[in-house]
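Subject: Structure handover and notes

Dear colleague,

I am passing on the structure we spoke about, together with my reading of it. Please open the structure alongside this message, as the notes are meant to be followed with it in view.

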Amino acid sequence: MDRPRPRWQDTNWLGLTDRLKTWQIPPPPNAPSPNQLDQWFSSALTTLTTLIEGDTPRSRPSPKSKAWWTPILTTLRKEFAKATRKAKKLRTPYSYATARPARLGYFKAIKRAKATYLADFLAKASPNNIWTAKQLVAPRKTPRFPSLPDATDPVAINNALLNHFFPPKDPLPGRRRLRKNPSAPPLTMEEVKLALSKSSPSSAPGPDGIPYSVWKKVNLINPSIILELLSPLIDFGYHPPSLKSANGLVLDKPGKASYDSPASFRIIVLLKTISKILERVMTVRLSAIAKSKGLLHPNQCGSLPGLSSTDACLTLTHEIKTLQRTRMEVSTLFLDIKAGFDNVNASTLRARLVATQVPSYRVDWVSSFLSERTGTLVFQGSPNLSSPV
């Protein structure tokens, strides 16, 4: 049976505050090898998360736990069970007639409790939990089990999905010798704070199960913790393997005629939230230099700070009206590049970054980020096997 999940919303932050204020990340080793830096980072992160989990209660292990359950229902369930046992023991019409009101009262009370809980939840619904409200009022959908040709067991299905979504590619060279780049700008508290501000507390966490709300609280209590944990990774241009493992949720695409092909499904990749914080920091740094080095098209709007789909629409409108002034017929063609990001050639990307004189620590980090990644596909009946992707 899986270990009960932490109830992060009930973490005793009041009791943790004094300990976190004085808690320090141990200094990283001097001139470390990749293995030494891996061990340092994993040890520091595990010690920190263990400290927080120690003051975090866990959910009850019972799969029957319901948010709408009340103490009255517990009493009615006991009365219903008692009356049912008595009726089965006596086996008389009177005993069965006596048990019937207890049964009806119990199930009617469950119905009322569900309705009351739903009405109260919807009355307090906000943009942050609107999707949860939708799930409560929508009929429950049974997860679709992938049924693929020539794949008769969960392991074969898992391999078929992996080969479709993550086809084998030429790997990058093995682990290189780490070197600290003195020209790398140090990580700042402002960068960490900005990365956390862009992170939604309701986002699904990765394999470690830690949401962004935990890291926001830690950074609020002691801003130096995340700063000192991530700074060496930037200094050495390195992304540790412990941050490269992900869960891949396999979801069926709605409205498909059949579900006997991997193309009828999609995968949502969930990474550890502490990894996403570092990624956001590096994204901001890379986007700035990519514009100055001419690595992006002038009209590129996606994934760039200060630009959005609104800017893309305005650009398109400007181009159309400019051509229409000269009485030209204008057509627009939209293309969707399927799995473009997943199929980036890491070696080619590294060569282009080097050719445009992108700082070496950023090139090293990108190469490290794209190598030695693993994923675990999660679907109904999944064997939960970690595989290189």
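**The chain as a whole**

Please keep in mind throughout that this is a predicted model. The chain contains 13 helices and four strands. Its radius of gyration is 27 Å, well over the 21 Å that the globule rule gives for 389 residues, so the chain is more spread out than a compact globule. The C-alpha trace spans about 90 × 65 × 45 Å along its principal axes.

Of the 389 residues, 33% are buried, and the accessible surface of the chain comes to about 25000 Å², with 57% of that area belonging to carbon and sulfur atoms. Among contacts with a separation of 6 or more, 71% are made by residues 24 or more positions apart.

**Salt bridges**

Side chains of opposite charge can pair when their charged atoms come close. In this model there are eight salt bridges, and I describe some of them here.

One of them joins the side chains of Asp 55 and Arg 19, with an N to O distance of 2.1 Å. Asp 55 is in the loop between α2 (34–54) and α3 (71–90), while Arg 19 belongs to helix α1 (residues 13–22), so this pair ties together parts that are 36 residues apart in sequence. Arg 19 is partly exposed, at a relative accessible area of 38%.

Another salt bridge is formed by the side chains of Glu 372 and Lys 244, at 4.0 Å from N to O. Since Glu 372 lies in the loop between α13 (360–369) and β3 (374–378), and Lys 244 in the loop between α9 (224–235) and β1 (245–252), the pair ties together parts that are 128 residues apart in sequence. On the Glu 372 side the relative accessible area is 44%, which counts as partly exposed, whereas Lys 244 is buried, at 1% relative accessibility.

Within helix α10 (residues 273–292), Lys 276 and Glu 279 are three residues apart and are therefore separated by about one helical turn. These two residues also form a salt bridge, in which the closest N and O atoms are 3.5 Å apart. Lys 276 is partly exposed, with a relative accessible area of 26%, but Glu 279 is buried, at 11%. Leaving out residues up to four places away in sequence, Glu 279 touches Leu 271, Trp 365 and Phe 369.

Finally under this heading, Arg 179, Arg 350 and Asp 364 are linked to one another in a network of salt bridges.

**Backbone angles to look at**

Most residues other than glycine have a negative phi, and most peptide bonds are trans. Against that background, two residues deserve a look. Ala 31 has a positive phi, near 45°, and is located in the loop between α1 and α2, where it counts as exposed at 71% relative accessibility. Arg 327, which is not a glycine either, has a positive phi of about 60°; Arg 327 sits in the loop between α11 (309–325) and α12 (346–355) and is exposed, at 78% relative accessibility.

**Buried residues in a helix and a strand**

Which residues of helix α8 (residues 212–221) are buried? They are Tyr 212, Val 214, Trp 215, Val 218, Asn 219 and Ile 221, and these buried residues of α8 pack against α1, α2, α7 (189–197), α9 and α10.

In strand β3 you will find Thr 376, which is buried at 14% relative accessibility. Apart from neighbours within four places in sequence, Thr 376 is in contact with Ala 246, Asn 247, Gly 248, Asn 384, Leu 385 and Ser 386.

Definitions and conventions: Residues are numbered from 1 along each chain as its sequence is written. This is a predicted model: local features need pLDDT of at least 70, side-chain atom pairs count only at pLDDT 80 or more; totals for chains, interfaces and linings use all residues. Side-chain values use heavy atoms; hydrogens and water are left out. Helices (H or I, at least four residues) and strands (E, at least two) are DSSP runs, numbered from the N terminus. The radius of gyration is taken over C-alpha atoms; the globule rule is 2.2 Å times the number of residues to the power 0.38. Buried means under 20% relative accessible area, exposed over 50%, partly exposed in between (1.4 Å probe, protein chains only). Contact means heavy atoms within 4.5 Å. Accessible areas come from the Shrake-Rupley method with a 1.4 Å probe; for residues, only the protein chains shown count as cover.
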